[in-house]
Amino acid sequence: MERVTLVSGPTAQRRMRLGRQLRTGRSLAGEPLPPLFPATAISLATGAIGIDTADAILTALTPTLRCTDLDSVQAAETELVAAATGTSSETPVPASAEEI
């Protein structure tokens, strides 16, 4: 992967981790399952946010999946994506990956 993409090992690992967390899955019956972080997946796929921002969002939220419900985590994700894209009423200017 590193040679094909010409990136460092840590960068390749980070991108692979992001891909695993943001891709859709399949149920045992073969039905499509949405990603755990749909707002981040859509925003990254459309170019509204970059890899660093997506990584910051997932790094912050993934550990919370162990101690809170998915709806609350996805609500927080939606707010972080809105802040990152500048579409939040509280953050009318896009926040950087560092700020996220």
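# Helix α2 against helix α4

Q: Which residues of α2 and α4 meet each other?
A: In this predicted model, Arg 14, Arg 15, Arg 17, Leu 18, Gln 21 and Leu 22 of α2 are in contact with Ile 51, Asp 52, Ala 54, Asp 55, Leu 58 and Thr 59 of α4.

Q: And by class, how many of those are nonpolar, polar and charged?
A: The contact of α2 with α4 is made up of 5 nonpolar, 2 polar and 5 charged residues.

Q: OK, at what angle do α2 and α4 cross?
A: Two packed helices are described by the angle between their axes together with the distance between those axes. Here the axes of α2 and α4 cross at roughly 65° and come within 11 Å.

Q: Left-handed or right-handed, that crossing?
A: The crossing of α2 and α4 is left-handed.

Q: Back to the charges: how many salt bridges does the structure hold?
A: There are 2 salt bridges in the structure. Side chains of opposite charge can pair when their charged atoms come close.

Q: What does Arg 14 pair with?
A: Arg 14 forms a salt bridge with Asp 52, and the closest N and O atoms of this pair lie 3.0 Å apart. The pair links distant parts of the chain, since Arg 14 belongs to helix α2 and Asp 52 to helix α4, 38 residues apart.

Q: Why do Arg 14 and Asp 52 count as partly exposed?
A: Arg 14 counts as partly exposed because its relative accessibility is 23%, and Asp 52 counts as partly exposed because its relative accessibility is 46%.

Q: What about Asp 55, which residue is its salt-bridge partner?
A: Asp 55 forms a salt bridge with Arg 17, with 2.5 Å between the closest N and O atoms. This pair too joins distant parts of the chain, with Asp 55 in helix α4 and Arg 17 in helix α2, 38 residues apart.

Q: Is Asp 55 buried or exposed?
A: Asp 55 is buried, with a relative accessible area of 13%, whereas Arg 17, at 29% relative accessibility, counts as partly exposed.

Q: Switching to Gln 21, what does that one touch?
A: Leaving out residues up to four places away in sequence, Gln 21 touches Pro 35, Leu 36, Phe 37, Leu 58 and Thr 62. Gln 21 is found in helix α2, and at 18% relative accessibility Gln 21 counts as buried.

Q: How many residues apart in sequence are Gln 21 and Phe 37?
A: They are 16 residues apart in sequence, and their C-alpha atoms are 7.3 Å apart in space.

Q: Now the largest nonpolar core: which residues touch the most other members?
A: Of its 13 residues, Leu 22, Phe 37, Ile 49, Ile 57, Leu 58 and Leu 61 touch the most other members. The elements giving two or more residues to this core are α2, α3, α4 and α5, and α4 gives the most, with 4 residues. In soluble globular proteins, nonpolar side chains tend to be buried together.

Q: And what is Ile 57 in contact with?
A: Setting aside neighbours within four places in sequence, Ile 57 is in contact with Thr 40, Ile 49, Glu 77, Leu 80, Val 81 and Ile 100.

Q: Last topic, α3: which of its residues are buried?
A: In helix α3, residues 38-46, the buried residues are Ala 39, Thr 40, Ala 41 and Ser 43, and the buried residues of α3 pack against α2, α4 and α5.

Q: What comes just after α3?
A: Just after α3 comes Gly 47, which takes a positive phi of about 85°.

Terms used. Residues are numbered from 1 along each chain as its sequence is written. This is a predicted model: local features need pLDDT of at least 70, side-chain atom pairs count only at pLDDT 80 or more; totals for chains, interfaces and linings use all residues. Side-chain values use heavy atoms; hydrogens and water are left out. Buried means under 20% relative accessible area, exposed over 50%, partly exposed in between (1.4 Å probe, protein chains only). Contact means heavy atoms within 4.5 Å. A salt bridge is a side-chain nitrogen of Lys or Arg within 4 Å of a carboxyl oxygen of Asp or Glu. A nonpolar core is a set of buried Ala, Val, Leu, Ile, Met, Phe, Trp, Tyr and Cys residues joined through side-chain atoms within 4.5 Å. Axes are lines fitted to C-alpha atoms, for helices over the stretch in contact, and angles run from 0 to 180 degrees between N-to-C directions. A crossing is left-handed if the near helix is turned anticlockwise from the far one by less than a right angle, and right-handed if clockwise. Ala, Val, Leu, Ile, Met, Phe, Trp, Tyr, Cys and Pro count as nonpolar, Asp, Glu, Lys and Arg as charged, and the others, Gly among them, as polar.
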